[in-house]
Amino acid sequence: MSVKSHVQGDVTVRIRFKFNNEKALNAILWLCQKKPGITFHTISKIIYYADKKHFVGYGRPVIGDVYAAMMAGPVPSGVYNLLKGDEIMLESLGLEHRPFEVKQRYHVYVSNTEVDCSVFSESDLEVLEESFAENSHLTFWQLVDKTHAEMDYAEAPGHWMRYEDFLPTDMPNRCEIIEDLAGYAHRLVM
């Protein structure tokens, strides 16, 4: 087993989760409420660290997004589409417009939309709080440096990141965990 991939026979095992757009939207709203004017970049990194921490600790991420390893660090693609106001993403939530305001291109403010915290479990909120506390005060470049130092990012620059790389390489039963999750993670309801 190498760090780069987990191979079972001739097949590379990949862990995939179903993206929860309702949690993603409410995470964005929650972050905007906590820090008005928060940037797309900071939102993306807080959600990345929350998903990663929850996955390692509880076997599933908070949101289950797909992460692209971009030049400025991991980007949760579904969250980014919501932030941009992607019509298909908004329509999937029954919305015609973003329920938040974007000013100066990338600074997000909550309008009159309530955050629905009932979509989150207690552990979801706990890791979101921790990630917010650890990352919300960091500058753009501090977040870039921090995320670039992560093994899961380093294993996939310019490519899609893998949840299996979120797991520490010295984690007991890592191979078995990856094999188990690869079989059912995509069916989990988060």
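Q: A charge sits over a ring if NZ of Lys or CZ of Arg is within 6 Å of the ring centre and within 35 degrees of the ring normal. Which ring face does Lys52 lie over?
A: Lys52 lies over the face of Phe166, at 6.0 Å from the ring centre. Another case is Lys34, which lies over the face of Phe132 at 5.0 Å from the ring centre.

Q: What kind of model is this, and how are residues numbered?
A: This is a predicted model, in which local features need pLDDT of at least 70, side-chain atom pairs count only at pLDDT 80 or more, and totals for chains, interfaces and linings use all residues. Residues are numbered from 1 along each chain as its sequence is written, and side-chain values use heavy atoms, with hydrogens and water left out.

Q: How many helices and strands are there?
A: Both are DSSP runs, numbered from the N terminus: helices are H or I with at least four residues, strands are E with at least two. The protein has 8 helices and 7 strands.

Q: What does the radius of gyration say about overall form?
A: The radius is taken over C-alpha atoms, and the globule rule is 2.2 Å times the number of residues to the power 0.38. For 190 residues, a compact globule would have a radius near 16 Å; the protein has 16 Å, so the two agree. The C-alpha trace spans about 50 × 35 × 30 Å along its principal axes.

Q: Is Ser44 buried or exposed?
A: Buried means under 20% relative accessible area, exposed means over 50%, and partly exposed lies in between (1.4 Å probe, protein chains only). Ser44 has a relative accessible area of 4%, so Ser44 is buried. Ser44 is in helix H2 (residues 40-58). Across the protein, 45% of the 190 residues count as buried.

Q: Which residues does Ser44 touch?
A: Contact means heavy atoms within 4.5 Å. Leaving aside residues up to four places away in sequence, Ser44 touches Pro74 and Pro76. For the protein, take the contacts with a separation of 6 or more: residues 24 or more positions apart account for 73% of them.

Q: Is Glu122 buried or exposed?
A: Glu122 is exposed, because its relative accessible area is 72%. Its place is in helix H5 (residues 122-135). Glu122 and His54 are 68 residues apart in sequence but 11 Å apart in space, C-alpha to C-alpha.

Q: How many aromatic pairs are there?
A: Rings of Phe, Tyr and Trp (its six-membered ring) pair if their centres lie within 6.5 Å; planes under 30 degrees apart count as stacked, over 60 as edge-to-face and the rest as tilted. The count comes to 14 aromatic pairs. Ring pairs link Phe17, Tyr48, Tyr49, Phe55, Tyr67, Tyr163 and Phe166 into a cluster.

Q: Where does Tyr163 lie, and what does Tyr163 touch?
A: Tyr163 is in the loop between H7 and helix H8 (174-184). At 6% relative accessibility, Tyr163 counts as buried. Beyond residues up to four places away in sequence, the residues that Tyr163 touches include Ile15, Asp51, Pro61 and Gly64. Tyr163 also touches Phe17, Phe55 and Tyr67.

Q: Which residues of helix H6 are buried?
A: In H6 (residues 140-148), they are Leu143, Val144 and Thr147. They cover an arc of only 105° around the axis, so they are on the same side of H6. That arc is of the directions from the helix axis to the C-beta atoms. On the other side of H6, Trp141 and Asp145 are exposed. The buried residues of H6 pack against H2, strand E5 (73-76), H5 and helix H7 (151-154).

Q: What is the order of the strands in the open sheet?
A: Strands of a sheet pair through backbone hydrogen bonds, either parallel or antiparallel. Two strands count as paired if DSSP finds at least two bridges between them. Here 3 strands have the order E3-E7-E6, with antiparallel pairing. E3 and E6 stand at the edges, each with a single partner strand, so one side of each has no neighbour in the sheet.

Q: How many bridges join each pair?
A: Strand E3 (residues 38-39) pairs with strand E7 (residues 107-110) over 2 bridges. There, Ile38 stands opposite Val108 in E7. Strand E6 (residues 100-103) pairs with E7 over 4 bridges, and Lys103 stands opposite His107. The hairpin of E6 and E7 has 3 residues between the strands, and Gln104 takes a positive phi near 50° in this hairpin.
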